[in-house]
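Good morning. Please take a look at the model on the screen, and then I will go through it part by part.

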Amino acid sequence: MKLSTIIIFCFLILGVSSQGWRTFPREAVQGAKDMWRAYSDMREANYKGADKYFHARGNYDAARRGPGGAWAARVISDARENVQRITDRFKHGSSGHGAADSRADQAANRWGRSGRDPNHFRPAGLPKKYK
């Protein structure tokens, strides 16, 4: 019963094709790791203006894994932005502080997930080790 529920969930909710349901969980885990690697690199680099590049790169790498990776990237990106919106509200009230930055982050996320080159957002001077 549990297995059939999981399979039906994947087909209906996640939109997994009949060919991809076996690989979807693996792709999702690998995509989550790609997102974590981009986040870790962003924190390590601590480079002004590189935020959008790391958003795009994490989503790009995850989406290249397949539908599971793209799903993981979307879920992680949306969750991160929603959490940030809530914490910004506590820090700054309803001033709208950070709303433009959040929209720009989501645009970079979509850019990467769509398969476009994340280097579009790469700032000049960012060390080559962050690829």
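I start with a term: helices (H or I, at least four residues) and strands (E, at least two) are DSSP runs, numbered from the N terminus. What you see is a predicted model, where local features need pLDDT of at least 70 and side-chain atom pairs count only at pLDDT 80 or more, while totals for chains, interfaces and linings use all residues. Residues are numbered from 1 along each chain as its sequence is written, and side-chain values use heavy atoms, with hydrogens and water left out.

Now the pocket. On a 1 Å grid over the protein atoms alone, a pocket is an open set of points with protein on both sides within 12 Å along at least five of seven lines, whereas a cavity is a set where a 1.4 Å probe fits but cannot get out; lining residues have an atom within 4 Å of a point. Grid points are joined across faces, edges and corners, and a volume is the space filled by probe spheres set on the points. The largest pocket holds about 280 Å³ of space. It is lined by 15 residues, and Met35, Tyr39, His55, Ile76 and Arg80 are the closest to its centre. Which helix gives the most to this lining? That is H2, with six residues. H2, H3 and helix H4 (67-92) each supply at least two.

Next, H3. This helix has 13 residues and reaches 18 Å from its first C-alpha to its last, close to the expected 18 Å; the expected span is 1.5 Å times one less than the number of residues. For burial, the cut-offs are under 20% relative accessible area for buried, over 50% for exposed, and partly exposed in between (1.4 Å probe, protein chains only). Twelve of the 13 residues of H3 are buried, so the helix is largely enclosed by the rest of the structure. Among them are Tyr53, Phe54 and Arg57.

Tyr53 and Phe54 also belong to the largest nonpolar core, together with Met42, Ala45, Ala50, Leu126 and Tyr130. H2 and H3 are the elements that give two or more residues to this core. A nonpolar core is a set of buried Ala, Val, Leu, Ile, Met, Phe, Trp, Tyr and Cys residues joined through side-chain atoms within 4.5 Å. In soluble globular proteins, nonpolar side chains tend to be buried together. Leaving aside residues up to four places away in sequence, tyrosine 53 touches residues including Pro118, Phe121, Leu126 and Tyr130; contact means heavy atoms within 4.5 Å.

Now the charges. A salt bridge is a side-chain nitrogen of Lys or Arg within 4 Å of a carboxyl oxygen of Asp or Glu. How many are there in the whole structure? The search finds eight.

One of them joins arginine 37 and aspartate 34 at 2.7 Å, N to O. These two are three residues apart in helix H2 (residues 24-45), which means they are separated by about one helical turn. Arginine 37 is partly exposed at 38%, whereas aspartate 34 is buried at 1%.

Another joins arginine 57 and aspartate 41 at 2.8 Å, N to O. This pair links distant parts of the chain, 16 residues apart: arginine 57 is in helix H3 (residues 51-63) and aspartate 41 in helix H2. Both count as buried, arginine 57 at 2% and aspartate 41 at 16%.

Last, asparagine 46, in the loop between H2 and H3. This residue is not a glycine, yet has a positive phi of about 45°. Asparagine 46 is exposed, with a relative accessible area of 69%.
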